[in-house]
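Good morning, and thank you for coming. Please look at the display as I speak.

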Amino acid sequence: MTERSFPGYDVLDKRDTPSWNDATRSAIDARLAVPREPRFFSSDEFATLEAVCDRILPQPADRQDPVPLAAYVDAKIFSGQLDGYRFDKLPPQGEAWKIGLAALDHEARDRHNARFRDLSRADRDNILREMQQGRLEGDHWQGMPLKLFFMKRVVHDVTDAYYGHPTAWSEIGFGGPASPRGYVRMDKNRRDPWEAAEGKPGQEERALVENKHVV
Amino acid sequence: MSSDPFERPRAANGRAPDVFKTGGWIPMRQHRDVDEVDFAIVGTGAGGGTLAARLAEKGFSVVAFDAGPYFRPLEDFASDETAQEKLYWNDPRVVQGADPIVMGGKNSGKTVGGSMVHFAMVSLRFRPEWFKARSTLGYGADWPIGWEEMWRYYDQVERDLSISGPITYPWGPPRPRYPYRPHPMNAAAEVLARGCEAMGMKWTPTPLATVSAPRGEAHPCVYRGFCRFGCSTNAKQSTLNTYIPRAIRAGAEIRDLAMVGRIETDAGDRATGVHYHRDGQWRFQKARNVIVAGYAVESPRLLLNSATDRHRDGLANSSGLVGKNLMTQPNQAVYGKSKDEIRWNKGPPSLAITEHWNYDDEKDFHGGYCWMGQGPLPIEWAKTMTTSRGIWGDELRLAMQDYNYQVGVKMVGECLPSENNRVELADQKDRYGLPVAKITFGWSENDKALIRHALDQMEMSMEAAGVTDLFRQEEDANHLGGTVKMGDDRRSSVLDADCRSWDVPNLFVCDGSVFPTVGGVNPSLTIQAIALRTADRIEQLAAHGDL
């Protein structure tokens with residue numbers, strides 16, 4: 001697979017257009033202002049959390065302002081934002097995360113005599129993949145079902161944070177907020193001028209120009 | 001921006017929010033707690049909101065409670081998946097069983113107007129035979145209501161909501177023309193149509209509760225595609241901007257941020273009012289009759305939490321069936337990639353539908369299903385990819401970049417009732433000190449056969465439409481039903497045909513939990529039709545002194 005590109009497209013350019021209402025502006029402003037320091041996790045746990053987020057959704061190395069994924073996970077738990085359900089086999093979200101992060105460090109120590117955050121990407125991925133497949137064992141997991149914890153807690157929270165962020169919307173060419181203007185062109189292969197233009201091979205220049213006018 | 005709708009109730013001081021105007025108000029009649037009102041209604045969604053309007057219009061005094069806030073869509077609704085989670089019932093609930101039900105946006109609401117505020121607007125009638133599923137189709141249970149009568153109430157609710165739909169609907173007995181013209185199809189709907197045509201199946205533009213032309217103070221739909229996160233332009237005809245304003249105009253009072261925790265009963269078998277939490281304290285509203293309309297989890301929870309020495313197993317529960325027979329509709333999907341740019345986030349998500357397998361009985365399992373177009377927004381799409389394909393990391397980030405090319409169809413199917421699937425009380429308490437719901441669910445063998453059939457059929461249709469890189473979303477469910485079922489016999493049901501408790505004659509339940517079977521279509525139109533019927537029946541009962 002190769003990366004698609006939407007050259008020059010930034011969904012935030014539409015902030016002051018009819019595609020954003022006041023409620024949207026205030027919601028996104030608050031999201032972009034998320035505190036970067038942990039309020040729920042200890043700074044030690046937070047460092048492990050960052051090392052997890054970095055593998056669940058690796059961001060391009062040249063990205064100037066990466067989405068602060070760990071900060072969103074922390075903020076969600078700190079503010080008491082719940083999902084509306086809890087699997088009976090999993091502890092409440094904050095407790096589950098704390099057990100999981102400590103257990104990941106435990107695994108890293110057993111295998112590599114290092115903290116999880118200090119492992120190579122490949123070593124971190126190996127441990128995470130084994131968690132996904134339910135192949136890790138030990139009292140340090142405190143009986144948490146690994147597959148459930150991995151997919152319904154770890155991946156769930158991190159992807160929610162990433163794809164709720166304007167940077168991710170720009171990356172996938174999503175139009176983003178759309179109220180009150182909405183859309184006019186509904187047919188295939190038609191874009192409204194305020195939607196992302198894709199820089200398909202040979203069309204990068206045109207897309208760049210079009211994406212400067214998504215207003 | 002005006003006041004925070006979560007901070008303190010908006011419906012107070014003789015006025016309620018005008019949902020059509022930023023910062024606007026409309027006058028509202030109010031009652032004192034000590035006034036014995038004719039009806040205390042718990043919940044203001046498809047069941048409770050509709051009933052509040054009709055009962056008030058018939059001259060009854062009504063107070064309707066909702067645990068959630070009272071929003072004005074124009075000022076309170078962002079175009080954003082995360083921010084709009086404020087519309088859901090996100091309080092603690094425990095889920096368990098072989099196939100635990102993920103609760104939240106697809107099956108709950110906590111706002112004046114209920115989950116209709118964020119529903120996908122799909123407005124379908126039941127197949128007539130489903131009202132007698134046991135006697136005509138050999139499965140599930142019979143409803144105590146006949147389809148001809150329901151057909152008349154469907155007519156009424158379709159007019160009340162100005163449903164936009166096709167001139168002729170391809171399945172079932174004739175129905176009147178939909179009040180408003182159908183919406184134009186988006187690219188995702190065209191793919192559904194192509195797939196159906198290739199398989200020799202009928203399809204149609206979906207009857208939707210969002211207006212295709214102006215209606216009163218509502219502008220036509222602008223196709224912004226955030227329908228399932230609240231309509232910020234009021235094109236959607238939800239309870240919030242249809243029956244609730246009607247209710248208030250007719251003299252009903254709405255109480256927002258008012259959580260009902262218990263129904264009070266006298267020494268005998270009559271309800272006397274409801275205990276509710278509002279403005280930081282518990283209060284008691286006297287009422288001659290109580291109607292519970294909190295949907296298939298909160299309604300049984302309230303009945304169970306209202307147990308007394310006389311009603312030890314919960315109120316209205318001599319049958320032992322309160323909380324039992326929980327059903328959730330299978331909501332599996334098949335997704336893939338188109339060579340064309342689809343941009344499925346534009347427009348209502350389900351602009352085209354096929355009900356083929358609801359009306360074709362050449363199947364080796366019970367029940368039916370429909371499938372419809374889809375347009376998941378990025379967070380939901382990422383969740384679909386991670387849970388269905390198990391991908392994360394670079395693989396996920398790259399796959400997500402095909403967003404504008406993705407297309408798919410999703411089923412709404414029939415789940416059969418089983419007493420093993422249930423809502424009970426957990427040991428855990430919520431912020432009001434009330435035991436939370438514990439929800440147990442697992443698909444039956446019949447459910448699994450229906451899901452397999454649907455996935456095969458949907459996949460064939462997508463292949464036939466030229467969609468590639470197909471994958472199945474095997475794990476998903478949505479609308480609920482069954483936990484306070486109606487019936488003809490007090491031993492095998494909780495309510496009679498009028499949604500009235502067999503045990504407590506001045507207690508009614510009116511929402512999706514009364515469904516003895518859920519059918520293979522989205523339930524809101526049927527819930528509202530039942531609410532309209534219940535209001536008429538209550539009027540008749542009152543006239544005969546039977547209330």
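Asn113(A) sits in the loop between helix H4 (93-112) and H5 of chain A. Helices here are DSSP runs of H or I with at least four residues, strands are runs of E with at least two, and both are numbered from the N terminus. Although Asn113(A) is not a glycine, its phi is positive, at about 50°. Most residues other than glycine have a negative phi, and most peptide bonds are trans. A cis peptide bond joins Ser179(A) to Pro180(A), with omega at about 10°. Pro180(A) belongs to the loop between helix H7 (166-172) and helix H8 (204-211) of chain A.

The model is predicted: local features need pLDDT of at least 70, side-chain atom pairs count only at pLDDT 80 or more, and totals for chains, interfaces and linings use all residues. Residues are numbered from 1 along each chain as its sequence is written, chains are lettered from A and ligands numbered from 1 in the order in which they are written, and side-chain values use heavy atoms, with hydrogens and water left out.

Let us turn to chain A as a whole. It has 8 helices and 1 strand, in the order α-α-α-β-α-α-α-α-α from the N terminus on. Its C-alpha trace spans about 55 × 35 × 30 Å along the principal axes. The domain assignment, with bounds from an automatic or database source, gives domain 1 (1-19 + 175-215) and domain 2 (34-170). The C-alpha centres of domain 1 and domain 2 of chain A are 32 Å apart.

How do helices H3 and H6 of chain A cross? The axes of H3 (residues 69-78) and H6 (residues 146-162) come within 9 Å and cross at roughly 110°. Axes are lines fitted to C-alpha atoms, for helices over the stretch in contact, and angles run from 0 to 180 degrees between N-to-C directions. H3(A) is therefore roughly perpendicular to H6(A), a term for angles of 65 to 115 degrees. In this contact, meaning heavy atoms within 4.5 Å, H3(A) contributes Leu69(A), Tyr72(A), Val73(A) and Lys76(A), while the residues from H6(A) include Arg153(A) and His156(A).

A second pair is H2 (residues 43-56) and H5 (residues 121-132) of chain A, which pack at about 90° with their axes 10 Å apart. H2(A) is thus also described as roughly perpendicular to H5(A). Ala51(A), Val52(A), Asp54(A), Arg55(A) and Ile56(A) of H2(A) meet Arg121(A), Arg124(A), Asp125(A) and Leu128(A) of H5(A).

Finally, we come to the contact between the chains. It takes 65 residues from chain B and 66 residues from chain A. The buried area is about 5,300 Å², with 54% from carbon and sulfur atoms; this is the accessible area (1.4 Å probe) that two parts lose on being put together, summed over both. In chain B, Trp392(B), Arg397(B) and Gln401(B) lose the most area to chain A, together 16% of what that side buries.

How many salt bridges cross this interface? The rule, a side-chain nitrogen of Lys or Arg within 4 Å of a carboxyl oxygen of Asp or Glu, finds 10 between chain B and chain A. One of them pairs Glu475(B) with Lys152(A), with the closest N and O atoms 2.4 Å apart. Over all chains, the count comes to 75 salt bridges.

Conventions:
Angles under 35 degrees count as roughly parallel, over 145 as roughly antiparallel, 65 to 115 as roughly perpendicular and the rest as oblique.
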